[in-house]
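Thank you all for making the time this morning.

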Amino acid sequence: MKSILIIIMIFYLSYSVYGQRMIPKQKSIEINSGLFIKKDSESYFINTGLAIFSKRENYMLYSLEYSKNSVPYKSVKIPVENYTAEVGYSFNILANRTKSFMVNTSLSAMGGYEHINKGELLLYDGAKLLNKSSFIYGMSAKLSLETYLSDRIAIIASTRARILFKTSQDQLMSSIGIGLRINL
């Protein structure tokens, strides 16, 4: 009985993978999270976005992101939070015949606000921060591996490099992340 159920599930899963997906003008919602590649392990990001598919598995991506980094200072860590919006276009590089596995690259423009130490300029020991909270802008490039679990649900693993201007941190930062996409 167990072997019959396993065969039926394998047939069902393989059948569901061959459905239509990434039809032009189809929309999907993405949720991603990950870590910045740097010595500080407390640096992370979370973003959510809307993807609108076009021809040949390419898509426009609109997303909002929150990221938190920290800068060490003596025995404390100064929090630096970024709130950014991103608009980009993703190009399909490689896909299998059933569109269940793909490799994409994307280019994006970003802009937002950097909030340093919750707005406090004075530190616990009387030192004053020279950098202030400010608006930031820049661009990013991302390489992602996308695999569909069903017609509507995909898992995304990605690596991204971004360059930000007017930031108090490193201008060039890279990150790795994992996410989930749900086609509407």
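Predicted model: local features only at pLDDT ≥ 70, side-chain atom pairs only at ≥ 80, totals over all residues.

Let me begin with a question: which residue in strand 8 does Ile 155 stand opposite? The residue opposite Ile 155 is Leu 180. Residues are numbered from 1 along each chain as its sequence is written, and side-chain values use heavy atoms, with hydrogens and water left out.

The order from the N terminus is α-β-β-β-β-β-β-β-β. Of the 184 residues, 39% are buried, with buried meaning under 20% relative accessible area, exposed over 50% and partly exposed in between, for a 1.4 Å probe and protein chains only. If we take contacts (heavy atoms within 4.5 Å) between residues at least 6 apart in sequence, 58% of them join residues at least 24 apart.

Now to strand 7, which pairs on both sides; two strands pair if DSSP finds at least two bridges between them. Strand 6 and strand 7 run antiparallel and are joined by twelve bridges, one of which places Tyr 148 with Ala 154, and the hairpin between these two strands passes through four residues. Strand 7 also runs antiparallel to strand 8, residues 172–183, with eleven bridges, and in that hairpin, which has six residues between the strands, Lys 166 takes a positive phi near 65°.

In strand 6 I would draw your attention to Ser 140, which counts as buried because its relative accessibility is 3%. Leaving aside residues up to four places away in sequence, Ser 140 touches, among others, Glu 86, Ser 106, Met 110 and Arg 160. Its C-alpha atom is 8.9 Å from that of Glu 86, although the two residues are 54 apart along the chain, and their side chains are joined by a polar contact of 2.9 Å; by that term I mean a pair of N or O atoms within 3.5 Å, where within protein one must be able to donate a hydrogen and the other to accept it, and residues adjacent in sequence count only if both atoms are side-chain atoms.

Finally, the rings: how many aromatic pairs does a search of the whole structure find? The search finds seven, where rings of Phe, Tyr and Trp (its six-membered ring) pair if their centres lie within 6.5 Å, and planes under 30 degrees apart count as stacked, over 60 as edge-to-face and the rest as tilted. Tyr 89 and Phe 91 are edge-to-face, at 4.9 Å centre to centre and 70° between the planes. Tyr 137 and Phe 165 are tilted, at 5.5 Å and 35°, and because Tyr 137 lies in strand 6 and Phe 165 in strand 7, this pair ties together parts that are 28 residues apart in sequence.
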